[in-house]
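I opened the notebook to look up a few things in one structure. The sequence and the model come first, then my entries.

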Amino acid sequence: AILAAQAMSAQGEYERAAETLQNALRRNPGEPRLLAFQSQIALLLGSPRDSVDFLYKLRESAPDTPGIELSLGLGLLRAGLVEDALPMIEDALAKNPDNPRVQVAYTQALEAAGTPEKALAYASGLLESEPEQVTYITLVGTLLESQGRTAEARGLYLERLKAQPGEPTL
């Protein structure tokens with residue numbers, strides 16, 4: 001079922017892929033791979049709340065799934081449920097404090113929660129600890145831009161570009 005749904009998804013037939021996965025889930029209700037893929041298809045269909053529902057089911061059936069807290073937190077963020085997302089992402093950060101993907105999600109959650117200064121302070125701390133890390137440069141620049149501080153963001157990018165002239169993503 002997963003291979004068939006993947007083929008359908010690759011062709012942009014998300015509704016058919018979702019239907020195929022639903023039928024497979026009726027036969028295997030707690031199958032983690034089916035739930036994870038159904039969550040992705042729900043996002044592609046523009047339904048973040050359905051995606052989150054599938055992630056909750058995945059957590060119930062396979063609580064040790066790597067990254068489930070982060071996936072749930074990001075899903076909740078996409079669904080606009082910031083108050084529910086932030087604790088999930090904080091939990092993921094506590095478990096994986098050095099993971100840039102989790103760190104970026106945490107700053108996104110802080111900004112979505114209406115605390116952009118806190119998000120910028122956290123991201124700036126990351127950048128200070130690893131000034132060459134392009135992920136952190138981009139994160140701080142994006143946060144500055146979202147706060148209307150375009151000149152500061154531009155200055156940051158130019159400063160880092162001079163320090164890393166061969167970096168293609170800057």
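Is E13 buried or exposed, or something in between? I looked it up: E13 is partly exposed, because its relative accessible area is 26%. (Buried is under 20% relative accessible area, exposed is over 50%, and partly exposed lies in between, with a 1.4 Å probe and protein chains only.)

Entry on the model. I am working with a predicted model, where local features need pLDDT of at least 70, side-chain atom pairs count only at pLDDT 80 or more, and totals for chains, interfaces and linings use all residues. Residues are numbered from 1 along each chain as its sequence is written, and side-chain values use heavy atoms, with hydrogens and water left out.

Entry on confidence. I read a mean pLDDT of 92 for the chain, with 98% of its residues at 70 or more. (Helices are DSSP runs of H or I, at least four residues, numbered from the N terminus.)

Entry on E13 again. I found E13 in the loop between α1 (2-10) and α2. L45 is 32 residues from E13 in sequence, yet their C-alpha atoms are 9.8 Å apart.

Entry on α2 and α3. How do I describe two packed helices? I use the angle between their axes and the distance between the axes. The axes of α2 (residues 14-27) and α3 (residues 32-44) come within 10 Å and cross at roughly 155°. (Axes are lines fitted to C-alpha atoms over the stretch in contact, and angles run from 0 to 180 degrees between N-to-C directions.) So α2 is roughly antiparallel to α3. (That word covers angles over 145 degrees.) I listed the contact residues: from α2 they include Y14, L21 and L25, and from α3 they include F37 and I41. (Contact means heavy atoms within 4.5 Å.)

Entry on α3 and α4. I noted an angle of about 165° between α3 and α4 (residues 48-61), with the axes 7 Å apart. Therefore α3 is roughly antiparallel to α4. Among the contact residues are L35, S39, A42 and L43 of α3, and S51, F54 and L58 of α4.

Entry on S51. Which helix holds S51? I found S51 in α4. S51 is buried, because its relative accessible area is 1%. Leaving aside neighbours within four places in sequence, S51 is in contact with S39, A42 and L43.

Conventions. Helix = DSSP H or I, 4+ residues; strand = E, 2+ residues; numbered from the N terminus. Parallel < 35°, antiparallel > 145°, perpendicular 65-115°, else oblique. pLDDT = per-residue confidence, 0-100.
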